[in-house]
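Visitor: I'm new to this one. Can you put it up and walk me through it?

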Amino acid sequence: MTTTTWNTDRPWRGIMVATTLPFRGDGSVDHDAYAEHVAWLIANGCDGVVPNGSLGEYQTLTDEERAQVVRTAVAAAGDGARVMPGVAAYGSAESRRWAERAAEAGAGSVLLLPPNAYRADERAVRAHYAEVAAAGLPVVAYNNPIDTKVDLTPALLASLYADGSIVAVKEFSGDVRRAYEIAELAPELDLLIGADDVLLELALAGAVGWIAGYPNAFPASCAELYHAAVAGDLDTAVPLYKSLHSLLRWDSKTEFVQSIKLSMDIAGRRGGPTRPPRHPLTGAIEAGVRTATEKAVADGHR
């Protein structure tokens, strides 16, 4: 029976929050604050967390910081299956090592970008995913052709699934039409919503999970929206989606890390600073995020 609810057999389903990472004033990682955040998200309707994704600024972390973030998430989640670490790296061998460390920490799955140090061809992409899958944890592919310049097309995703290399895809292309082609070419491959501002469209197209950004600030409202959307309850989902969309679209912009952290600060959570080279928002961008977040707060979202 197909379910869109998180379960231990398919722990990549449901709402998996791509977590932000709190830094202290001196720039060090505040693992205690991160543990509190992970536990708070799960207590407020989210199913699990995705540490060491782009929103978690993994590119700026040392190896030890990155490893400790996963250990902290597993301990705070109460069940390692609820944790899907990002294992992106420039080399396949390094990505596999991160996947092996995720398995050692007790995580339930991993999230993997394609090779992105150059524009990898299909042969390289398939070899990359096969190498990381050999670590033993279920692999969720992450398709973000906007930033990586490597497009996991529906046909390529079907090949990766047939290879036994992936179990699901986080689809971030923004092209909701792809959902139907993926379902035709690889009907058993789980489609996960990858961009907050196409949540309703992909949910109605058959998505069974959401790797989410804005639940970092408003988990309860986002959980209500997700469950209504995947259930086809448009009477509930459409008004919620319209109310939140001016906020959700910041998840797809270049400044998404700073935007979500600023929204957290405004909503009463701890977003805090980012690590360089990212800088605080200013001008019209800061005003836009602030206006959308204050509207969400005023509308009672939490």
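Visitor: Let's start with Ile211. Which residues is Ile211 in contact with, leaving aside its neighbours within four places in sequence?
Guide: This is a predicted model. In it, Ile211 is in contact with Met16, Ala18, Val50, Met84, Leu111, Val140, Lys170, Leu192, Ile193, Gly194 and Asp196.

Visitor: And which residues touch the most other members of the largest nonpolar core?
Guide: Ile211 is one of them, along with Tyr129, Leu157 and Tyr214. That core has 104 residues.

Visitor: Which helix gives the largest share of this core?
Guide: Helix α9, residues 219-230. It supplies 7 residues.

Visitor: Now the strands. How many strands form the sheet, and in what order?
Guide: There are 7 strands in an open sheet. Read across, the order is β2-β1-β7-β6-β5-β4-β3, with parallel pairing.

Visitor: Which strands stand at the edges?
Guide: β2 (48-50) and β3 (110-112). Each has a single partner strand, so one side of each has no neighbour in the sheet.

Visitor: By how many degrees are neighbouring strands turned against each other?
Guide: By 30 degrees on average, ignoring direction.

Visitor: Zoom in on β5 and β6. How many bridges join them?
Guide: 4 bridges. β5 covers residues 168-171 and β6 covers residues 190-193. Val169 stands opposite Leu191 in β6.

Visitor: Change of topic. How many salt bridges does the structure hold?
Guide: It holds 16. Take Arg71, which forms one with Glu64. Their closest N and O atoms are 2.6 Å apart.

Visitor: What about Arg126? Which residue is its salt-bridge partner?
Guide: Glu122, with the closest N and O atoms 3.3 Å apart. Both lie in helix α4, residues 122-133. They are 4 residues apart, about one turn of the helix.

Visitor: Which pair links distant parts of the chain?
Guide: Asp151 and Arg178 meet in a salt bridge, 2.7 Å from N to O. Asp151 is in the loop between α5 (145-148) and α6 (154-162). Arg178 is in helix α7, 27 residues apart from Asp151.

Visitor: Is Arg178 buried or exposed?
Guide: Buried, because its relative accessible area is 14%, and buried means under 20%. Asp151 is partly exposed, at 28%.

Visitor: Last one. Which residues are linked in a network of salt bridges?
Guide: Arg10, Arg13 and Asp190.

Technical notes:
Residues numbered from 1 in each chain as written. Predicted model: local features only at pLDDT ≥ 70, side-chain atom pairs only at ≥ 80, totals over all residues. Heavy atoms only, no water. Pairing = 2+ DSSP bridges. Helix = DSSP H or I, 4+ residues; strand = E, 2+ residues; numbered from the N terminus. Axes fitted to C-alpha atoms, helices over the stretch in contact; angles between N-to-C directions. Core = buried A, V, L, I, M, F, W, Y, C linked by side-chain atoms within 4.5 Å. Buried < 20%, exposed > 50% of the residue type's maximum accessible area, 1.4 Å probe, protein only. Contact = heavy atoms within 4.5 Å. Salt bridge = Lys/Arg side-chain N within 4 Å of Asp/Glu carboxyl O.
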